[in-house]
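Dear colleague,

I am handing over the structure we spoke about, and my notes on it follow below. Please read them alongside the coordinates.

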Amino acid sequence: MFQSRWFNPVLQRPALSRPHLRGTRALGRSLLVGAALSILAACGPTPEQAIEEAAEIEANNREVLVTAAFVSVQGGAAALAFLPNRDAASLGLIVSAPREGGLDLFDADGELRTRHAGARLSSLATAPGFQLRGESLPLIFGASPDSNSVLGYAVVTDGIRVLDLPLAETTPADGVAGLCLYREGVGYVDLVVLGNGASAEIWRIRDAGNDVLSVEQRQNFTLSAPARQCATLDGDIYLASPAGGISRLGPDGVIEAENNQSVVSLAVGDFDGSRLVLATDGATGRVHTFYGRDLMPASELEIVDGLSTPGIEQPAGIAITPESYGFTAYISGMIAVFDQDDQRIKVISHDAASRALVSAD
């Protein structure tokens with residue numbers, strides 16, 4: 001099992017073992033090997049070939065220790081996002097959209113700092129460096145399927161307050177099912193907005209000096225199937241579709257790779273030079289990973305018990321940031337995952353995930 005090389009006494013305390021879970025996982029591995037042997041035996045391969053096949057399956061699984069768990073709050077998390085503070089890394093925030101509506105903002109210690117009432121949001125995007133009238137004002141955007149609209153919020157970091165942000169009225173051609181950040185520039189934000197049907201658009205939101213932020217539809221794409229979640233990196237758009245699986249679109253909107261794996265949430269990041277898509281299906285106990293270019297399966301990541309923190313039993317919403325959140329663990333960023341099993345957000349050090357996912361390749 002992978003062992004973390006750091007220790008933060010603020011976030012971690014002596015480990016509490018869970019032998020019954022360890023036994024369950026060991027039993028699961030034994031059953032996996034046994035199933036592989038049975039299937040291959042029925043098809044004719046030798047026992048040696050069956051053992052090699054089972055060993056290859058097991059070798060593709062990776063383990064990483066959970067770093068910390070956030071306080072449990074009512075409403076769970078339908079979506080997650082990061083709002084880093086580039087002036088003071090340890091003051092960065094983690095944003096959650098509770099299933100019942102509104103926003104929850106947590107600090108890097110996992111404490112709930114504020115709860116903002118509002119509409120139910122299916123996905124989130126943040127612009128931590130947005131400049132509004134010469135002042136730095138972090139922004140949050142959310143997709144509201146109930147009203148078929150994109151909603152905006154401004155975060156006042158002094159005291160951690162959330163304000164509703166006025167956006168120009170826009171009537172999306174195909175409604176709003178989800179969104180993600182495409183690009184953040186000086187005075188503007190580009191968002192990928194997913195329609196209810198097989199379509200997506202890129203919107204530019206900027207400060208044009210009016211009472212509301214202007215909204216301009218700049219591009220539109222036709223998809224092979226309706227998408228509900230998305231993530232971006234270096235101009236590529238990654239989509240999660242209930243019917244079509246995962247796909248990667250280039251900057252021109254052309255589909256360049258596909259995988260029919262059904263997932264409910266995905267995120268993309270760079271791990272020591274390897275671009276990987278991390279995705280959850282909301283049912284299994286592992287995070288699926290795929291190579292970012294061709295979307296071929298890379299490995300299965302199991303997030304196990306850390307020091308005093310239980311592992312993730314049923315991963316659902318997921319988000320990745322390479323931005324520093326301070327402390328020893330989060331200097332290179334973190335991964336946040338919502339565990340449906342105990343309804344808590346849990347985080348993993350980006351460095352620890354990189355070592356687990358890449359070093360063994």
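**What was found**

Arg-204 lies over the face of Tyr-188, at 3.8 Å from the ring centre, where a charge counts as sitting over a ring if NZ of Lys or CZ of Arg is within 6 Å of the ring centre and within 35 degrees of the ring normal. Please keep in mind that this is a predicted model, in which local features need pLDDT of at least 70 and side-chain atom pairs count only at pLDDT 80 or more, while totals for chains, interfaces and linings use all residues. Residues are numbered from 1 along each chain as its sequence is written, and side-chain values use heavy atoms, with hydrogens and water left out.

A search of the whole structure finds 3 aromatic pairs; rings of Phe, Tyr and Trp (its six-membered ring) pair if their centres lie within 6.5 Å, and planes under 30 degrees apart count as stacked, over 60 as edge-to-face and the rest as tilted. One of them joins Phe-70 and Phe-106, whose ring centres are 5.2 Å apart with planes at 40 degrees, so this pair is tilted. Phe-70 sits in the loop between strands S2 (68–69) and S3 (79–83), and Phe-106 in strand S5 (residues 103–107), 36 residues apart; strands (E, at least two residues) and helices (H or I, at least four) are DSSP runs, numbered from the N terminus. Both Phe-70 and Phe-106 are buried, that is, under 20% relative accessible area, against over 50% for exposed and partly exposed in between (1.4 Å probe, protein chains only).

Another pair is formed by Phe-82 and Tyr-325, with ring centres 5.8 Å apart and planes at 70 degrees, so it is edge-to-face. Because Phe-82 belongs to strand S3 and Tyr-325 to the loop between strands S25 (315–321) and S26 (334–339), this pair ties together parts that are 243 residues apart in sequence. Phe-82 and Tyr-325 are buried.

Turning to the strands, an open sheet of 4 strands runs in the order S7-S10-S11-S12 with antiparallel pairing, two strands being paired if DSSP finds at least two bridges between them. Its edge strands, S7 (123–127) and S12 (161–165), each pair on one side only. Between S7 and S10 (residues 139–144), which run antiparallel, there are 5 bridges, and Leu-124 has Gly-142 in S10 as its bridge partner.

Finally, 8 of the 9 residues of helix H3 (residues 350–358) are buried, so this helix is largely enclosed by the rest of the structure; among the buried ones are His-350, Arg-355 and Val-358.

Best regards
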